[in-house]
Amino acid sequence: LEVSRLARNNADWYRLLDLCGVTDTLIGDADGVYHPGLFNDRLVLGLKGTMSEAELHVLRARLNGGIRNKAARGELRRGLPVGFVWGDASAEVRFHPDQSVTDAIRCVFDRFGELGSARRVWLHFRSEGLRFPSQILPALSSANALDGIRWGTPTYTKIHQVLTSPVYAGAYVYGKSRHERYVDGGGKLRQRVRRLPRSEWSVLIREHHPGFIDWDEFEANQVRLSSN
């Protein structure tokens with residue numbers, strides 16, 4: 001093995017070099033045998049670790065760049081909200097083939113237009129005993145789309161997600177949130193998701209696919225929801 005493969009990053013690599021240096025343990029690969037306690041050998045080992053970490057950084061940057069470029073064209077296939085499935089073309093998004101699913105989504109927007117409140121729409125579904133579809137698995141293709149739907153009593157969160165998702169207005173969106181790491185009060189490393197304002201979204205392509213409502217109606221709905 002190339003010696004830098006013994007660690008995932010430079011921090012771990014130098015810990016290993018320190019341990020081997022104080023215990024007179026040699027490290028060898030196809031290029032030679034090194035003693036981490038000797039300055040020249042430690043210098044070579046440090047350079048190999050730095051080059052390995054740089055290589056991983058370049059590979060990760062290329063992969064992330066490819067993902068961003070694909071998302072910028074609206075072709076990156078990710079999980080769609082209930083009511084949509086991916087088509088055969090690269091960036092094609094279709095309505096769900098089950099009409100009962102699309103009718104349930106349209107009912108949410110129709111009732112919101114009449115009642116003007118997400119809570120009232122939710123109470124309407126409950127009082128009428130209406131069921132609402134949920135996605136079991138992300139529909140990355142149109143194949144077996146009917147098998148990925150589960151019907152049940154809608155929650156307020158589900159109704160609110162439909163009303164606030166720009167995908168239902170025919171928009172393709174990428175980068176709406178950001179993962180952040182922080183240290184909590186107990187000194188443990190935690191991770192959280194922070195929602196970003198629309199001005200900071202990485203990609204927003206309007207009229208990317210047919211929607212249940214148009215963009216103007218979506219904007220009006222957001223103003224109405226925020227004023228409630």
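Reader: Why is V193 called partly exposed rather than buried or exposed?

Author: This is a predicted model, in which local features need pLDDT of at least 70, side-chain atom pairs count only at pLDDT 80 or more, and totals for chains, interfaces and linings use all residues. Residues are numbered from 1 along each chain as its sequence is written, and side-chain values use heavy atoms, with hydrogens and water left out. With a 1.4 Å probe and protein chains only, buried means under 20% relative accessible area, exposed means over 50%, and partly exposed lies in between; V193 has a relative accessible area of 47%, so V193 is partly exposed.

Reader: What makes S52 buried, and which residues is S52 in contact with, leaving aside its neighbours within four places in sequence?

Author: The relative accessible area of S52 is 9%, which is under 20%, and therefore S52 is called buried. S52 lies in helix 2 (residues 39–72), where helices are DSSP runs of H or I with at least four residues, strands are runs of E with at least two, and both are numbered from the N terminus. Taking contact as heavy atoms within 4.5 Å, and leaving aside neighbours within four places in sequence, S52 is in contact with S4 and R5.

Reader: How many aromatic pairs does the rule give, and why is the pair of W122 and Y156 called edge-to-face?

Author: Rings of Phe, Tyr and Trp (its six-membered ring) pair if their centres lie within 6.5 Å, and planes under 30 degrees apart count as stacked, over 60 as edge-to-face and the rest as tilted; by this rule the count comes to nine aromatic pairs. The ring centres of W122 and Y156 are 6.3 Å apart and their planes stand at 80°, so this pair is edge-to-face. Because W122 lies in helix 4 (residues 118–128) and Y156 in helix 5, the pair ties together parts that are 34 residues apart in sequence.

Reader: What makes F125 and F132 an edge-to-face pair, and are these residues buried or exposed?

Author: Their centres are 6.0 Å apart, with 80° between the planes, and the pair is edge-to-face. F125 has 2% relative accessibility and so counts as buried, and F132, with a relative accessible area of 3%, is buried as well.

Reader: How do you know that R192 lies over the face of Y182?

Author: A charge sits over a ring if NZ of Lys or CZ of Arg is within 6 Å of the ring centre and within 35 degrees of the ring normal. R192 is placed over the face of Y182 at 4.2 Å from the ring centre, and R106 over the face of F95 at 5.3 Å.
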